[in-house]
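I opened this structure and kept short notes as I went.

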Amino acid sequence: MQIIDPERWERREHYRMFSSQQFPYLGVTFRLDVTALHRYCKQHGVSFYYALCWLTVRAMEPIDNFHYRIRGDQILRVDSLIPSFTDLHPGSELFHIVTLPMEAELDEFCRKAAQKSAAQSGLLDQTDEQMEGLIYLSCLPWLDFTGVLNNREGPDDGTPQVIWGKYRREPDGRLTLPYSIDANHRLMDGLHLGKFAENLQTLLEGVEQNPSH
């Protein structure tokens, strides 16, 4: 972890400007082509949901801004990004939050995510929730939505939040789903969300050739 010197930080003016706002967040919702991932998961018997969690965080990792967090009067850069996602036990209507580190291989992450989710009895594991660099992920597989409003702890909440919805079959045969992401505008801009979306779509299109990329 690195403490950022705000006087030497290239975002210092942007950070100060958005710090004066009560809700300094930006977010976008767009359609994501998940055709290749859906096919891969069916062929390999892995969870589509866990796989997209892994790919989402993998797409964020090369972008510096996704590593920034706010802690009091300090700006931090965390080394690792940690998936923290909602899940449901079979037959339950109450979600629980599963948090675990990334794995080098998509299939291995999916296996460990399934194991941890099945073993977890409470809403969340408080030990894991204290990790730095969390990425919040969820899905609404019942809705093909056009927008989402996430809860926030306040203007210092720097955790990116991602949620996606029900996929649909397009006229040309592709599978797409609505995908929403929001982040703290003090730490990143629309440019960085655009880079992330491009990274994610590239990973999705190449998952069958290189699932560990």
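I looked for disulfides, meaning pairs of cysteine sulfur atoms within 2.5 Å, and the structure holds 0. Cys53 is in no disulfide, and its nearest cysteine sulfur, that of Cys139, is 7.6 Å away. Cys53 is buried, with a relative accessible area of 0%. I took buried as under 20% relative accessible area, exposed as over 50% and partly exposed as in between, with a 1.4 Å probe and protein chains only. Cys110 is in no disulfide either; the nearest cysteine sulfur is that of Cys41, 6.4 Å away. Cys110 is buried too, at 4% relative accessible area.

I noted that this is a predicted model, where local features need pLDDT of at least 70 and side-chain atom pairs count only at pLDDT 80 or more, while totals for chains, interfaces and linings use all residues. Residues are numbered from 1 along each chain as its sequence is written, and side-chain values use heavy atoms, with hydrogens and water left out.

Next I checked helix H2 (residues 35–44), where the buried residues include Cys41, Leu37 and Tyr40. Helices (H or I, at least four residues) and strands (E, at least two) are DSSP runs, numbered from the N terminus. The buried residues of H2 pack against elements including helix H4 (106–119) and strand E2 (25–33).

Last, I looked at strands E5 (residues 82–87) and E6, which run antiparallel and are joined by 4 bridges; pairing needs at least two DSSP bridges. Phe85 stands opposite Val98 in E6. From E6 (residues 96–99), His96 and Val98 point one way, Ile97 and Thr99 the other, and all are buried.

Notes. Contact = heavy atoms within 4.5 Å.
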